[in-house]
Structures are given as C-alpha cells and as structure tokens.
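Morning, everyone. I have one structure to walk through today, so please have a look at the screen.

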Amino acid sequence: MSNPPHLDAAALFESPLARDREAGSMQRQLHERLKRAILDGSLAPGSRLPGSRALAEALAISRNTVTATYEHLAAEGYVRPDRQGTRVIELTSPALPRGLGKPAGAPATARRLAGIKPSTPFTTPDAALRPGVPALSHFPSAAWRGALDRAMRAASPATLGYGNPLGEPPLRAAIARHLAIARGVRCEASQVVIAEGAQEAISLCVRLLANPGDTGWVEDPGYRGAKAAMHAGDMRIVPVRVDAEGLCASAGDWQKHPPRLIYTTPSHQYPAGAVLSIARRLALIAEARRHGAWIIEDDYDSEFRHTGEPVGAMQGLVDDAPVLYIGTFSKTMFPSLRLGFLVLPRQLMAVVQTALEEMLRGGHRHEQIAMAGFIESGQFSRHLGRMRRLYRERQQALRLALTRHLKVPHEIDGGYCGLHLTVRLPPQFDDRRIAAEALRHQLAPAALSSFAIQPLPTDNGLVLGYGNTSAELFEPLVKRLSQLARAVERSRA
Ligand SMILES: Cc1ncc(COP(=O)(O)O)c(C=O)c1O
C-alpha cells in the first residue's frame, strides 16, 4: 500500500477514506492513517483521539471499525485507553520528521564498499560467448533429478534439521576422494568445508586468516570476485602481474608488500589463461612459508583439461603446503547449485574448526547428499567426461573461427583447460567499447582490461567463453566481432 498524503490534525478525522478495493479495508486505511500521524508528530503525544462514535460518523464508517482500529493501535503500543478515552502515548524517541520513510541522503554503508568496483553488466547465461558459463543445455537433468529423489526418499526428520556446519560428511568424503584422484590434492574429509560456491570459500579464507589492513595479493589481471572478498574484509589489495607463466611475484613485491593472503588460479589463470610454472609454484610455496603467508589456490575450471600433461594442484605438491585449496561445482554441474568447497591444511583446521562451526550453519543438506551420491555412483565422472569432449570440440571450433575470421591483429592465449579463450588486441581496438557494442548484439565477451587493477596496454582484448555456445555458431559470431572491432577502431580515427 502506498503512503497516503500527509493530513493535518482536523483533516485526519474528517477527510473520507478511499472506497476502492485497491486502497484496502476501512480498518487498514484508518490504522495506517493514525499510525503515520502519531509517528510524524501530527497527533501530539498525550493528545486524545475522537470518541469512536464521533469518528465513525465523521468518516461514514462503522463504529466497530473504529473500535477495532483503536484496539489494534493499543495492542501495538501507539495509544493507551484511559478513563477519558484513548490517548496517544509518549514515544521515548523524538517524533520522526515529516516525510517518514524518506532517507535524508544516501544510505549509510561501510567505507570498505567503495573499493568494490562495478562488474560487467548482468546478462542472461545464454548470451553467447559469456565467460564462465558451462553448457547448461547439456546438463543431465534426469540423472540429477534421480539423485535428488534418492536423497529426498532417504530424508528423515533428522535430515530436515541443522546439519554439520562444515557440510554433509558423505559429500566431504566424496570430494576428498575425487580430488585425490583427479587433482592430486592430499586431504582427508575432515579438512573439507562445504561453501556456497568458490566465492563464499574465498570470503571464508579472508574471514579466517586476515585482519583489517592486512595485505592481500591478487593476480593482475585477475578474478574480480577475489578482490571483492578482500575489500569486504578490509584488506589492502596489492595487484601482482601475471605473464605467460602465471603469477609473477618479484623479490620487490615480497619485500615491499609482504602478503598475508595470496589469491591465485595456478591451473588456468583467470582470465589470461597461463598455467603457473612448476618453478614458480615451488618458489611461491617457499616464500609464503618464509613470510607466514597463505596461498588461496582457486582451481575453478581445471576439471576440463584439453591439452598437454595434467598439472596437479599446488596443494598436493609438497607436504603441508601453506595452501587453501578451493573448488566449485558451478562449472562442473551448474552455477545456481551454489556448491563449492575449501580444503584447509590439517594444522590450520585444528585451530579454526571451532570458529568455523560457530560461523557456519550448513544447509542445502539434501542437495549435498544428492551431490555425494552423484559422485559416488560414477555419474559425476561420466558427466565430466562428456563435457570435456564437448568443450574440447567447442574450443577447437572457436580457435578455427578466430584464425579464419577475426580480421584484426590478435594473439590467442590460454586454452590448456576450462571454458574460455583470451584474445589480445592492439590498443586501438578498445576492448571495453567492443564488449559494450557486442552486448547490443546479445554477445557477452568480457573486456580483458576490466579484470586489471593497473592495466597495461597489453591487457587489451576479449575474454571469450565457449562453454555455453554451440560450435557451429562461432563462425558468424567471430565475423560479427571482427566487424565490431573494426568499427571501434574506425570511430577512434
Ligand atoms: C576464477 C573464478 N573462481 C571462481 C568462480 C566461481 O565462483 P562460484 O563457485 O562462486 O560460482 C569463477 C566464476 O566465474 C571464477 O571465474
């Protein structure tokens, strides 16, 4: 119901109530009118409300409506009946100014939010070339429905209650087993924490390990969600460049900005696509140990390897690495499932377990149980195998289309695994303008420069997702992108 206009004290009791159905019942309108008048001070504290008979006559409504409204106001504490009638009570806080409900200026928020920059505009997941979206139309919905059904059939009053705050034990165990085989991660189920996707897992690392003002390294260009999580934890963010071998931390970086947290995507740098070399992995682990820093290893899309030898996770590279391993089912299953996980080093888990149990509440228990069944039955591996083949095909088709039809100078990066390729363009092809133009044609590539905190001229290009786009579409789409890029270049001249 929209707020009625302000009425002075006399009009309050004389101007008629609306008779149309949309305005609500007489009682509701009268209640709202009197309550607002009390809150904005036009009915003064201690003043007496008209007798119910007089008010009913003045407003041409039933006396019962007035009595019921007065009783309602009394029950809420706005008025008090006494021997002389019904009086407005003294509110302990000063009466709110007129125009109640209209904030004086911008709503007050935490200063840290100022550091969180707008991302690319929201587009539907089916917008072609959008990075990070898996092949949702190929998801085996029937098999997943079966897993959910089985979880619900086995449900009991106990499983409808709160579960283990760190996640359902069968899922934690299934993840630990799967990661050992697929990614070389060394862990037990007790080290696995279920989170609402990788994003919540990154936020958890910040909440567990960083104090306000601590330094967090992020890859530049890099994943915006990690920066947002660090900003939200009041961390000081230091961008560290990435090159063809991934995160490239210099001795100066360690000396000038020793980090508490280092966020990295070693198996497929997001968005530039490099694989962190083994030499850099070992050096990063050694330096992190020396400086008491923690590495957050985001292994978001490594299940889809397309070329070369598999590179295992950093987490399993050496014993007791200071690495928190993060994974997600957003790419391997579907993003709205909101299931991801965090693997904590054993000694760290021993220290933070109590805090985690108090901070978290678990939840989505039946989806977690269904996911555990999906993994244990082998359906997950079969689905991954099918998707790996599909993405490999799509990537090859996109590469071919780029080679044949992208008629501007470019270089293709990445492609070792995952769901996107990155195309670098010379600076005269302004990537943000091309991305904005593309969006007008329902294409959603992302501008490479929008991932960088301190963009270099070489950070100009397009991040092209191939997960959600059929192979036969790439030719016409790349031709269109090529025209858009040329138009952007011409409009500059
Ligand atoms: C680098 C990176 N990490 C993690 C995620 C996934 O986050 P979530 O599991 O919260 O959906 C994405 C999604 O696009 C990503 O690009």
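One term before I start: two strands count as paired if DSSP finds at least two bridges between them. Strands E8 and E9 meet that, with 4 bridges in the parallel sense. E8 covers residues 294-298, and E9 covers residues 323-328. Across that pair, aspartate 298 stands opposite isoleucine 326 in E9. Keep in mind throughout that this is a predicted model.

Now the overall layout. The chain is divided into three parts: domain 1 is 9-88, domain 2 is 137-381 and domain 3 is 382-492. The C-alpha centres of domain 1 and domain 2 lie 58 Å apart.

Arginine 63 belongs to helix H4, residues 63-76. Is arginine 63 buried, exposed or partly exposed? It is partly exposed, because 14 other C-beta atoms lie within 10 Å, and the cut-off for buried is 20 or more. Setting aside neighbours within four places in sequence, arginine 63 contacts Ser52, Arg53 and Ala56.

What is the strand order? It runs E3-E10-E9-E8-E7-E4-E5-E6. The sheet is open, and the pairing is mixed. At the edges stand E3, residues 192-195, and E6, residues 246-247. Each has a single partner strand, so one side of each is left without a neighbour in the sheet.

Stay with E3 for a moment. E3 is joined to E10, residues 340-343, by 4 bridges, and the two run antiparallel. Isoleucine 194 stands opposite phenylalanine 341 in E10. In a regular strand, side chains alternate between the two faces of the sheet. Which residues of E3 are on which side? Val192 and Ile194 are on one side, Val193 and Ala195 on the other. All of these are buried, and both faces of E3 are covered.

On to the ligand. How many residues surround the ligand? The number is 13, and the closest are Gly132, Gly197, Gln199, Thr328 and Ser330. Helix H7, residues 197-209, gives the largest share of the shell, with 3 residues. By type, the shell divides into 5 nonpolar, 7 polar and 1 charged.

Now some backbone details. Where are the cis peptide bonds I want to show? One joins aspartate 220 and proline 221, with omega about -5 degrees. Proline 221 sits in the loop between strand E4, residues 215-220, and helix H8, residues 224-232. Another runs from tyrosine 270 to proline 271, with omega near 10 degrees. Proline 271 lies in the loop between strand E7, residues 261-264, and helix H10, residues 278-291.

Then the positive phi values. Aspartate 234 is not a glycine, yet its phi is positive, near 60 degrees. Aspartate 234 is in the loop between H8 and strand E5, residues 236-243. It counts as partly exposed, because it has 16 C-beta neighbours inside 10 Å.

Glutamine 442 also has a positive phi, about 60 degrees, and is not a glycine. Its place is the loop between H14 and E13. Why is glutamine 442 classed as exposed? Because 12 other C-beta atoms lie within 10 Å, and exposed means 12 or fewer.

That brings me to helix H14, residues 431-440. Its buried residues are Asp431, Ile434, Ala435 and Ala438. Seen down the axis of H14, they fall within an arc of 100 degrees, so they line one face of the helix. The general rule is that an α-helix has 3.6 residues a turn, so residues three or four places apart point the same way. And what do the buried residues of H14 pack against? They pack against strand E13 (446-447), strand E14 (461-465) and helix H15 (474-492).

E13 and E14 belong to a sheet of 4 strands, in the order E11-E12-E14-E13. This sheet is open and antiparallel. Its edge strands are E11, residues 411-413, and E13, and each pairs on one side only. E13 and E14 pair over 2 bridges, in the antiparallel sense. Alanine 446 has valine 463 in E14 as its bridge partner.

That's the tour. Thank you.

Definitions and conventions
Residues are numbered from 1 along each chain as its sequence is written. This is a predicted model: local features need pLDDT of at least 70, side-chain atom pairs count only at pLDDT 80 or more; totals for chains, interfaces and linings use all residues. The arc is that of the directions from the helix axis to the C-beta atoms. Two residues are in contact if their C-beta atoms, placed from the backbone, lie within 7 Å. A residue is near a molecule or strand if its C-beta atom, placed from the backbone, lies within 6 Å of it. Ala, Val, Leu, Ile, Met, Phe, Trp, Tyr, Cys and Pro count as nonpolar, Asp, Glu, Lys and Arg as charged, and the others, Gly among them, as polar. Domain bounds come from an automatic or database domain assignment.
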